[in-house]
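Open the model in your viewer and keep the sequence panel in view. The tour below goes from one selection to the next.

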Amino acid sequence: MTAFVRAHRWQIAALVVAVCVVVAGKQYYRAASAGELGWILAPTARLVSAVTGGHFVYEAGVGWVDRDATFIIAPACAGVNFAMAAFLALTLGGLAGMRTGRAAAVRLAGAAAMAYGATLVVNTLRIALAIALHQGTIDLGGIDHGEVHRVEGILVYLGGLCALYAFAGMLERRGRHAVAR
Amino acid sequence: MQWLVDRLCARVSRLRWMAVPLAVYLAITLGLPLANGAAVRSGFVHHAGWVVAGCAAIAICILIGGIAIDIIRGILKLRHHLGGPS
């Protein structure tokens with residue numbers, strides 16, 4: 001057991017760090033205001049404005065609001081759950097390469113950066129679709145809008161997470177082939 | 001038909017990579033809320049049902065997409081062997 005822990009200490013440490021980040025992140029996200037989530041809501045609102053042609057402006061205590069679209073990007077729309085899932089999945093996927101402290105730190109930082117970037121992209125897509133559903137651009141007929149919003153969120157986030165993980169795996173394999181040559 | 005069954009089995013086994021993102025997604029969306037006592041809240045079971053259904057739907061879509069890619073590759077390979085346009 002001790003030999004196993006010693007041989008895999010950096011991987012175990014990285015896993016512990018990732019789990020702590022997720023647990024702490026979840027606690028932080030629960031009570032965070034729109035202002036405190038500006039680091040992710042602000043760029044998301046700008047991307048959504050660019051993609052949908054809308055104009056989201058910050059309103060303290062509420063979030064990012066587009067009055068013409070009658071849509072609010074509130075703290076619940078920040079995508080922090082997706083970011084944490086992405087970070088954890090990328091960390092798990094990169095564990096095999098975390099054989100030294102430096103490699104573990106570099107891979108954790110890379111996972112965090114990729115998770116943040118992917119969250120902006122996936123969350124922008126999610127919100128753009130939600131706006132289209134809200135405005136009736138996508139016709140739902142008589143289906144409950146709340147349920148559609150829930151299902152849309154699940155499919156976009158899970159599909160985005162799988163795509164991100166597959167993409168990271170492809171980068172990892174290409175990196176290994178480049179090193180082997 | 002046997003070819004399709006073989007491709008299906010091969011594709012299903014190649015879906016193993018999805019275990020990590022699916023497990024992480026379920027842990028974040030269901031596991032953590034359960035640990036925080038969400039099970040007692042009304043609507044959680046309903047939400048959990050949709051989450052599990054979503055996971056199954058994504059897995060099936062990726063499986064079907066992979067099989068479609070295999071079929072297209074098989075057709076292109078056959079055309080190439082039969083001397084069709086490259």
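In what order do the three strands of the open sheet in chain A lie? The order is β1-β2-β3, and the pairing is antiparallel. Bear in mind throughout that this is a predicted model.

**Stop 1: the sheet in chain A**

Select residues 57-59 and then 71-73 of chain A: these are β1 and β3, the edge strands, and each of them pairs on one side only. Look at how the strands are set against each other. Neighbouring strands of this sheet are turned by 40° on average, with direction ignored.

To see a pair of bridge partners, select A:E59 together with A:G63, its partner in β2(A).

**Stop 2: A:S49**

Move to residues 38-52 of chain A, which form helix α3, and pick out A:S49 within that helix. Is A:S49 buried or exposed? A:S49 counts as buried because its relative accessibility is 14%, and the cut-off for buried is under 20%.

Next, show what surrounds this residue. Leaving aside residues up to four places away in sequence, A:S49 touches A:G54, A:H55 and A:F56.

**Stop 3: B:L4**

Go over to chain B and select residues 2-13, helix α1, where B:L4 has its place. B:L4 has a relative accessible area of 36%, so it is described as partly exposed; that class lies between the limits of 20% and 50%.

Which residues does B:L4 touch, not counting those up to four places away in sequence? They are B:I67 and B:I71. For a distance to check in the viewer, draw a line from the C-alpha of B:L4 to the C-alpha of B:D70: it spans 9.3 Å, although the two residues are 66 apart in sequence.

**Stop 4: the nonpolar patch**

Which helix gives the most to the nonpolar patch? α1(B) does, with three residues. Both α1 and α3 (44-81) of chain B supply at least two residues each.

End at B:M1, in the segment before α1 of chain B. B:M1 counts as exposed because its relative accessibility is 79%, and the cut-off for exposed is over 50%.

Notes: Residues are numbered from 1 along each chain as its sequence is written. Chains are lettered from A and ligands numbered from 1 in the order in which they are written. This is a predicted model: local features need pLDDT of at least 70, side-chain atom pairs count only at pLDDT 80 or more; totals for chains, interfaces and linings use all residues. Side-chain values use heavy atoms; hydrogens and water are left out. Helices (H or I, at least four residues) and strands (E, at least two) are DSSP runs, numbered from the N terminus. Buried means under 20% relative accessible area, exposed over 50%, partly exposed in between (1.4 Å probe, protein chains only). Contact means heavy atoms within 4.5 Å. Two strands pair if DSSP finds at least two bridges between them. Axes are lines fitted to C-alpha atoms, for helices over the stretch in contact, and angles run from 0 to 180 degrees between N-to-C directions.
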